[in-house]
Amino acid sequence: MVMKLSLPLAISLLALAALASAQQPATNFQWPEGKQVALSLSFDDARASQVERGAALLDRYNVKATFYVMPSGVERKLAGWRKVVASGHEIANHTLNHPCSGNIAWSRNNSLENYTLERMRQELLGANRRIQELLGVTPESFAYPCGQTFVGRGVDARSYVPMVASLFVSARGGSGKMPADPARIDFSQLAAVDSDGKDFKQIFRIVETAKQSGSWVVLAGHDMGEDGEQTTRLAMLEELIRYAQNPANSVWIAPVGRVAQYVHAQRRKKIQSTKPGQPEAFRLQPRGQPR
Ligand SMILES: [Zn+2]
């Protein structure tokens, strides 16, 4: 039967269809065991509170996180960091000296504007070597100090993203609000969400929204404690872990390196099964269909 629609009705139906498609999952990425969202906890700078307070909480729940460390921080609490490795957490690279823009007061004497690509290369390789000496592991993940990805200034400024991409499987960029879309992300500039100072409700909303599109939430924090500046609250973390470990909530919680390896493998599989010449940003299989 052919139904004739009035123009206004047809327009409103079209608008509804557009709205429905905007609400469709962006990628329908297939996470392990049918999970609907991936969640990685990460902490920067090898701060003492991470080994003194945070690691014990993570270990109580057998949750593995990613620690982006400078070797100098590891040296200050070496026994604690060795325990972190033995517990199965991921140790990742955060440079030797944490250079950021000289526009930040504490980075004036160690500014990216005064770096060259070669100096940065030595910095990255040096940190990997030292971490290997101290902890017996070689990082395959990296986080840009201050989320900044350049060296030099003005006409001599260069991106060090390509260098990072050649040395690491993944690299976490600056923190923002947007979770990573696993089908489209550049592994050398992973989107992250700040976890410092947030309560559980705030993070819960972010993870639940990410679930709608099958995204990957990489949380980025610094100190681990009750309160204070640049501190991811332990109470929030405990509530978040309990929520993520409840199978009913369908969250895959794993370190950045593990999720990156998984996404790499899924994308490779998809490329192999995609006709030559098709772009990498393929449409992935809708969730719920057989793999
Ligand atoms: Zn840092």
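Modeller: Two strands pair if DSSP finds at least two bridges between them. Strands (E, at least two residues) and helices (H or I, at least four) are DSSP runs, numbered from the N terminus. This is a predicted model: local features need pLDDT of at least 70, side-chain atom pairs count only at 80 or more, and totals for chains, interfaces and linings use all residues. Residues are numbered from 1 along each chain as its sequence is written.

Biologist: How many bridges join E1 to E9?

Modeller: There are 6, and E1 and E9 run parallel. Leu39 has Val217 of E9 as its bridge partner. Strand E8 (residues 190–194) also pairs with E9 in the parallel sense, over 2 bridges. There, Asp194 stands opposite Ala220 of E9.

Biologist: Which residues point each way from E9?

Modeller: Trp216, Val218 and Ala220 point one way, and Val217, Leu219 and Gly221 the other. All are buried (20 or more other C-beta atoms within 10 Å of a residue's own; exposed is 12 or fewer, partly exposed in between; C-beta atoms are placed from the backbone). With 6 of its 6 residues buried, E9 is therefore largely enclosed by the rest of the structure.

Biologist: Now H9. Which residues are buried?

Modeller: An α-helix has 3.6 residues a turn, so residues three or four places apart point the same way. In H9, Val256, Gly257, Val259, Ala260, Val263 and Arg267 are buried. They cover an arc (of directions from the helix axis to the C-beta atoms) of only 160°, which puts them on the same side of H9.

Biologist: Which residues are exposed on the other side of H9?

Modeller: Ala265, Arg268, Lys269 and Gln272.
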